[in-house]
Amino acid sequence: MPLPRHADPIAAIATAPGRGGVGIVRISGKSLSSLIAALCARPLRAREATYLAFRDQDGSAIDHGLALYFPAPHSYTGEDVLELQAHGGPVVLQLLLARVLAAGVEPDPATGQARLAALRVAQPGEFTERAFLNDRIDLAQAEAIADLIDASTATAARSASRSLAGEFSGEIHALRDALIHLRMLIEATLDFPEEDIDFLQQADARGQLAQLRQTLARVLARTRQGVLLREGIKVVIAGQPNAGKSSLLNALAGAELAIVTPVPGTTRDKIAQTIQIEGVPLHVIDTAGLRESTDEVEKIGIARAWGEIEGADAVLFLHDLTRAETAEYIATDEDIARSLTTKLSKNVPVIQVWNKLDAAPAAPPREGLRLSAKTGAGLDALRRTLLQVAGWQAAPEGVYIARERHLQALSRVGGHLAQAMTRLTDAVPALDLLAEELRLAQNALGEITGEFTSDDLLGVIFSQFCIGK
């Protein structure tokens with residue numbers, strides 16, 4: 001049952017703040033006909049754009065634009081929805097929204113009662129939340145709407161569109177249906193133990209469970225790709241001063257973001273930029289050079305650099321080929337390497353990169369990648385390595401956007417199915433425990449689409465939407 005606040009009619013400006021050619025005020029609720037009469041002074045045909053004046057209380061025009069009416073249940077939220085498309089100035093839209101809210105409490109001439117007494121401004125994501133609560137979309141599709149809006153690359157946008165169209169949800173529902181069928185077999189065996197028919201053997205329950213685990217593995221692999229498309233990875237460039245860290249950031253970004261000088265220690269604070277490689281967002285951070293320093297400002301920058309390194313998904317350890325043979329440089333590099341080993345998790349890759357190939361083309365081969373941030377030589381190999389480190393599969397077909405919580409839920413499903421297989425293959429199968437593992441697996445799947453979801457989780461998810469969506 002929806003919470004009481006979900007029964008209130010709501011209104012909000014549905015377009016982004018600022019000036020534009022068109023701005024939209026959206027209203028959702030039950031029985032909007034009296035509100036339409038007050039604002040538009042005429043009835044509207046369903047799903048047909050009508051050009052008219054938006055009326056103030058005294059009958060004067062606030063603006064002229066298009067009104068569209070979507071009767072329930074064939075609307076975005078599943079309720080009656082009215083959209084007023086006016087000129088996109090912030091003052092005009094605020095006037096129009098204020099008029100909508102005022103019209104809700106005005107008495108309806110036909111009944112003498114307030115038209116929509118509970119009409120209020122929508123909370124962030126509340127229109128989409130109602131679409132979910134009214135079964136217009138499931139929770140994974142609702143999240144895909146926010147991901148489509150926030151997509152930072154074209155690939156992420158296409159993938160979010162596939163999730164919104166239901167591709168991800170379809171795979172989850174297929175897993176759920178197979179799981180329900182297997183549960184039915186187990187429950188039948190539990191309910192009718194006196195029967196001579198061995199339900200599980202005849203139905204090849206073990207084969208069904210094995211197939212279910214294989215399908216889950218494929219979905220899990222594609223979900224990891226979807227999470228990567230949405231989240232990307234954090235890549236920190238680390239190394240001694242004047243190794244070319246800022247130059248490498250500029251080269252990867254294709255823009256002069258960081259100041260580059262021959263003076264060691266130019267970078268005193270982090271500089272971050274999100275780039276994309278084959279549609280995957282990489283959050284690249286240039287940091288202060290790592291060395292012993294007595295300069296207080298530089299020491300703060302170095303401490304911040306280590307803070308960024310400790311939170312990295314991958315580290316580019318940048319070396320200078322032109323100084324690679326000097327004893328002092330080698331000793332400092334070794335100190336940095338030891339610190340990286342101490343501070344980083346074993347799962348965080350450290351990519352060895354040797355820069356300034358243009359200035360030392362005859363330098364002896366080194367372990368790692370050789371490149372020139374100045375000329376761009378070797379950058380393609382670095383990009384391929386970053387994709388490989390991120391776990392990206394080349395040109396995956398039909399990847400859908402996904403979130404970390406989806407990955408965690410599917411991992412729990414895998415754990416329950418593994419336990420179920422153990423129970424099923426025991427010398428004396430513990431069918432009650434097997435049935436419980438399958439039930440828990442189904443619940444974990446249901447968390448993805450919203451079939452089993454706490455109100456607290458819904459609040460977190462929809463609060464991240466923009467107001468009006």
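1. A residue counts as exposed when its relative accessible area is over 50%. Thr342 has a relative accessibility of 68%, so Thr342 is exposed. This is a predicted model, and the values below should be read as such. Thr342 belongs to helix α11, which covers residues 327-343. The Thr342 side chain reaches back to the backbone oxygen of Arg338, at 3.0 Å. Thr342 and Gln408 are separated by 66 residues in sequence. In space, their C-alpha atoms are 28 Å apart.

2. Strand β3 spans residues 50-55 and strand β4 spans residues 61-70. The two are antiparallel and share six bridges. Leu52 has Gly65 of β4 as its bridge partner. β3 and β4 make a hairpin, with five residues between the strands. Gly59 sits in the turn, and its phi is positive, about 95°.

3. Further into the order come β5 and β2. Strand β2 (residues 20-29) runs antiparallel to strand β5 (residues 80-88). Eight bridges join them. Opposite Ile24 stands Gln85 of β5. In a regular strand, side chains alternate between the two faces of the sheet.

4. Some backbone geometry deserves a check. Most residues other than glycine have a negative phi, and most peptide bonds are trans. Which peptide bond is cis, joining Ala72 to its partner? The bond joins Ala72 and Pro73, and omega is about 0°. Pro73 is in the loop between β4 and β5.

5. Two non-glycine residues with positive phi also belong on the list. Ala41 has a phi near 60°. Ala41 lies in the loop between α1 (33-40) and β3. Is Ala41 buried or exposed? Ala41 has a relative accessible area of 55%, so Ala41 is exposed. Lys356 has a phi near 70°, also positive. Lys356 is in the loop between β11 (350-355) and β12 (369-370).

6. Another open sheet is also built from six strands, in the order β8-β9-β7-β10-β11-β12. Here too the pairing is mixed. β8 (271-277) and β12 stand at the edges. Each has a single partner strand, so one side of each has no neighbour in the sheet.

7. Within this sheet, strand β7 (residues 233-239) and strand β10 (residues 314-320) run parallel. Five bridges join them. The bridge partner of Ile237 in β10 is Leu316.

8. Now the helix packing. Two packed helices are described by the angle between their axes and the distance between the axes. Helix α8 (residues 205-231) packs against helix α13 (residues 404-425) at an angle of about 160°. Their axes are 10 Å apart. Why is α8 called roughly antiparallel to α13? Angles over 145 degrees count as roughly antiparallel, and the angle of about 160° makes α8 roughly antiparallel to α13. The crossing of α8 and α13 is left-handed. The residues of this contact divide into 16 nonpolar, five polar and four charged.

Terms used. Residues are numbered from 1 along each chain as its sequence is written. This is a predicted model: local features need pLDDT of at least 70, side-chain atom pairs count only at pLDDT 80 or more; totals for chains, interfaces and linings use all residues. Side-chain values use heavy atoms; hydrogens and water are left out. Two strands pair if DSSP finds at least two bridges between them. Helices (H or I, at least four residues) and strands (E, at least two) are DSSP runs, numbered from the N terminus. Axes are lines fitted to C-alpha atoms, for helices over the stretch in contact, and angles run from 0 to 180 degrees between N-to-C directions. Angles under 35 degrees count as roughly parallel, over 145 as roughly antiparallel, 65 to 115 as roughly perpendicular and the rest as oblique. A crossing is left-handed if the near helix is turned anticlockwise from the far one by less than a right angle, and right-handed if clockwise. Ala, Val, Leu, Ile, Met, Phe, Trp, Tyr, Cys and Pro count as nonpolar, Asp, Glu, Lys and Arg as charged, and the others, Gly among them, as polar. Buried means under 20% relative accessible area, exposed over 50%, partly exposed in between (1.4 Å probe, protein chains only). A polar contact is a pair of N or O atoms within 3.5 Å; within protein, one must be able to donate a hydrogen and the other to accept it, and residues adjacent in sequence count only if both atoms are side-chain atoms.
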